[in-house]
Amino acid sequence: MMERTVVRTSLYPAFLAPPPSLTSDQFAFRPTGSTSAAIISLLHTIASLLQTNPYVIVISLDFSKAFDTVRQSTLLSKMSELDLPVYVYNSMVSFFSGHAHRTVYNGEVSSTKSISANIVQGSSIGLASYAVTAADLRPLRAGNSLVKFADDTYLVIPATRADTRVAEPGHITAWAADNNLRLNKTKTREVVFYDNRRRHRIQPPPPLPDMTCGTTLKVLGVTFTDTLSASDHVRLVISDSAQSLYALRVLRHHGLGEAGLQTVFMAIVVSRLTYAASAWIGFITSTDNQRIEAFLHRSKRCGYCSPDLLDFVQLVEEGDERLFKRINNNSSHVLRGLLPPPSVATQQYCLRRRPHDRQMPDHTGHLADKNFLTRIIHAV
């Protein structure tokens, strides 16, 4: 409880106004951060860049055992730059100091070794500390950008900066070495995104020799193709959910009642179907939506799903409205910077009251229209 209090009252406020040497672009371990917000930001960046670029390169990066190898002295040096009370910083030094390890096996005891590289994953302070560790990781060149969620990092390079796609991973590798981290090259993946409605076929850059290049990218559990389609994700989710119905049949066979089955269905299946749906629902087709609705209808007939459950689109719309309200009403929200500016009234009449005061985004292309904020601002 004390750790959570320190994080909530001291670390989180310090994240909102970092010094110039650090950035506040982490989507994990923050009050308003989430996987949905990270995916929304990434898709918004890609779709915006595709308006003026024939393609956009996204490199998915992964650090091996990141939480186990963070050098504590480097972390504390970065933490000292935050606007923290002296007593809070001293408590951080005490929290990360004095740890040691020894092994006892078969009556034998090893020598004691001090632990100088590790953050405690099971603690609130340990998790929030990783956001500080990655706060000084920036792109090497202007025009490129990073989307970070814990140790999952996505490097976005527009076609106009394609000449930096070799230097940028090298820069990140060097940063990792300075922080006692190691880039896992076996999990590094490059995908070239493009707009499939363009008349002229693009010529993607040649693949890098030491990097896997593919046509799909799994972003925090959601699969997108190189045309920004989430149809593959829908198929995978429905397939996994169909397997869960077998488990529900087994539970019914062992005597679990209908109310219990529906509770399990909501907790497992509906949660899986709606995971980060605000981010990806704009990038699926009507056929994909019909598949989800057909699956839910079949589950209702079998008694696994409550007949009163809303349609899938309605479920997502409710989530959309809740998320938009949090963004619009919280000036510190991680997605606040993506909102269009407040509108300026030019007429005295209004046919209906609008639930927000934001300007309507311009129509800049079909991909931009699929983004969460564009959809929700035009919908509410």
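This is a predicted model: local features need pLDDT of at least 70, side-chain atom pairs count only at pLDDT 80 or more; totals for chains, interfaces and linings use all residues.

Me: OK, what is the strand order in the open sheet of five strands?
Reply: The order is β6-β7-β1-β8-β9, with mixed pairing; strands here are DSSP runs (E, at least two residues), helices are runs of H or I with at least four residues, and both are numbered from the N terminus. Two strands pair if DSSP finds at least two bridges between them.

Me: And which are the edge strands?
Reply: They are β6 and β9 (212–214), each of which pairs on one side only. On average, neighbouring strands of this sheet are turned by 25° against each other, direction ignored.

Me: How do β6 and β7 pair?
Reply: Strand β6 (residues 145–149) is mostly covered, with four of its five residues buried, where buried means under 20% relative accessible area, exposed over 50% and partly exposed in between (1.4 Å probe, protein chains only). β6 pairs with strand β7 (residues 152–158) in the antiparallel sense over five bridges, and Val 156 in β7 is the bridge partner of Ser 145. The two strands form a hairpin with two residues between them, and Ala 150 in that turn has a positive phi of about 55°.

Me: What about β1 and β7?
Reply: Strand β1 (residues 56–62) and β7 also pair in the antiparallel sense, over seven bridges, and Ile 57 has Ile 157 in β7 as its bridge partner.

Me: Which strands does helix α2 touch?
Reply: Helix α2 (residues 35–49) packs on the sheet and touches β1, β6, β7 and β8, with its direction at about 165° to that of β6. Contact means heavy atoms within 4.5 Å, and axes are lines fitted to C-alpha atoms, for helices over the stretch in contact, with angles running from 0 to 180 degrees between N-to-C directions. Helix α7 lies across β1, β6 and β7, at about 150° to β7.

Me: Switching to α8, what covers its buried residues?
Reply: The cover includes β11, α9 (258–274), α10 and α11 (286–301). Among the buried residues of α8 are His 233, Val 237, Ile 238 and Leu 245, and just after α8, Gly 255 takes a positive phi of about 105°.

Me: Now rings: how many aromatic pairs are there?
Reply: A search of the whole structure finds six. Among them, Tyr 12 and Phe 15 are tilted, at 6.1 Å centre to centre and 55° between the planes; rings of Phe, Tyr and Trp (its six-membered ring) pair if their centres lie within 6.5 Å, and planes under 30 degrees apart count as stacked, over 60 as edge-to-face and the rest as tilted. Tyr 12 is partly exposed at 21% relative accessibility, whereas Phe 15 is buried at 8%.

Me: Why is the pair of Trp 280 and Phe 312 stacked?
Reply: Their planes are at 25°, with the ring centres 6.1 Å apart, so the pair counts as stacked. Trp 280 and Phe 312 are both buried.

Me: Where is Leu 220, with its positive phi?
Reply: Leu 220, with a phi of about 50°, is found in the loop between β10 (216–219) and β11 (222–225), and Leu 220 is buried at 13% relative accessibility.

Technical notes. Residues are numbered from 1 along each chain as its sequence is written. Side-chain values use heavy atoms; hydrogens and water are left out.
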